[in-house]
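Let's take a walk through this structure together, one region at a time. Have the sequence and the model open as you read.

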Amino acid sequence: MDEDAPRALPAVSRLEPRDELPDPLEPLDGDRVRTAEDWRERRRELRRLLRHYVYGYAPEAPDIETETERTAGVLDGAATLVETEIGFPDLPADAPSITLALYLPTEVADADESAPVLLGLNWGGNHAAVADEAVTITDRAREYGADERGVASDYWCVDRVLSRGYGFATYHLADVDPDNPDRADGIRPYFDDELPGPPGTEWGSLAAWAWGLQRCVDALRERDGVRSDEIAVTGHSRCGKAALLAGATDERIGLVAPHQSGTGGTALSRDNGQESVGDITGTFPHWFADTFSAFHGQVDRLPVDAHCLAALVAPRPLIDTEGARDYWANPGRALDALRAAEPVWELLGEDGAADDLPLHEGDEMSEETVGAVCQFRRETEHTLDAGYVDAILDFADVHFDRA
Ligand code: GCU
């Protein structure tokens, strides 16, 4: 049976309110999870619950077809740019496609070697993430992206990523879904007849962006130069929510790094005290399945929460990067989620999280200090910059045996 095929699940009003967080190791019915095999079953259940009540059901992975163009010597000679157009042959010709920009360090590309790759979801267009005339400004980016090339280059710091021996890959969220409450002009309408869930559980933008990241993984794994088991996924804020969802639900992704992802990402919805379910579904109803908004004012009925999404990443490594002054994203409730998810890593034989989380700037990252689950904080508000990129790569160095 398809792991996401919906069994009848109760209406929100029929879910039992509970005081405690749902235990990721306690299935809805049946015995507590004690083995890795039991966990596979519970993992399927959690994934289904998260889709049903929070993010919505995405369609199955479709066939893709790709067309690629390589340009050597971009970023002042630091990288080879590989642009891939990812199309969907089974969809009508007017359906959107994804433009994936991959930068490989020149020494890796020239020597026919391969590199680990940081895959980030961007909001301003591929041309905004990297200032180089070689980057295509897509039609979608002209419509929905930033006006100027390179406006987000200090944010993504791709030169830094390359200098650390990693490739960088990115796609613009509007390729898949332009973050539009009326759903117009994205990929979702093309799959209306193929979604596995009942009415009200259709995928929202977060699930669509996550699905887009997974299509990028499909394409990256076919590319020379990419270490297919060392693809790390990241994104900031709403893109961090999507990155966590993508990484949690796709075991091909080797490391997951949601950045300041907040409610709907790593921060628990229960007792959040910052952005509530009512706030987020009121302002961004299109991000989630319609079912999620029903938890407004009754968040204690949620049978899952952010810790369950985080737990789906196990046994793979997860780093949650946060700004200590980014109150709205709620680093404290994100840390609580990681702690509540940690028993799953331990069950699977991994060290969970170090005792003294969060780590801060300057703290050493090594196998001894980070474990498989880590939270790292810097003294910033809501932003992405080289300090965070370095932390993600320090953590990746440990887990990809580069430290
Ligand atoms: C809003 C929203 C957050 C989100 C952020 C962003 O602040 O409330 O949940 O993370 O936008 O994506 O920038």
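**From an enclosed helix to the ligand**

Helix 9, which spans residues 238-248, is largely enclosed by the rest of the structure, because ten of its eleven residues are buried. Do keep in mind that you are looking at a predicted model. The buried residues of helix 9 are Cys239, Gly240, Lys241, Ala242, Ala243, Leu244, Leu245, Ala246, Gly247 and Ala248.

Could you guess what its sulfur pairs with? The structure holds zero disulfides. A disulfide is a covalent bond between the sulfur atoms of two cysteines. For cysteine 239, the closest cysteine sulfur belongs to cysteine 216 and is 12 Å away, so the two are too far apart for a bond. Cysteine 308 also counts as buried, at 0% relative accessibility.

Now step back to the loop between strand 6 (226-236) and helix 9, where you will find serine 237. Its phi is near 65 degrees, a positive value in a residue other than glycine. Asparagine 330, in the loop between strand 8 and helix 13, likewise has a positive phi, of about 60 degrees, although it is not a glycine. With a relative accessibility of 9%, asparagine 330 counts as buried. Most residues other than glycine have a negative phi, and most peptide bonds are trans.

One joins alanine 314 and proline 315, with omega at about 5 degrees; proline 315 sits in the loop between helix 12 (306-311) and strand 8 (318-323). Another joins leucine 357 and proline 358, with omega at about 0 degrees.

Finally, which residues surround the ligand? They are Ser237, Arg238, Lys241, Glu275, Ile280, Phe284, Trp287, Trp328 and His382. By class, this shell has four nonpolar, two polar and three charged residues. Several side chains come up to oxygen atoms of the ligand: a polar side-chain atom of glutamate 275 lies 2.5 Å from one, and an N or O atom in the side chain of arginine 238 is 2.6 Å from one. For tryptophan 328, a polar side-chain atom lies 2.9 Å from a ligand oxygen. Taken alone, the ligand exposes 320 Å², and the protein buries 78% of that.

Key
Residues numbered from 1 in each chain as written. Predicted model: local features only at pLDDT ≥ 70, side-chain atom pairs only at ≥ 80, totals over all residues. Heavy atoms only, no water. Near = heavy atom within 4 Å. Polar contact = N/O pair within 3.5 Å; in protein donor to acceptor, adjacent residues only side chain to side chain. Areas by Shrake-Rupley, 256 points an atom, 1.4 Å probe, with all protein chains shown as cover. Nonpolar A, V, L, I, M, F, W, Y, C, P; charged D, E, K, R; others polar. Disulfide = S-S within 2.5 Å. Buried < 20%, exposed > 50% of the residue type's maximum accessible area, 1.4 Å probe, protein only. Helix = DSSP H or I, 4+ residues; strand = E, 2+ residues; numbered from the N terminus.
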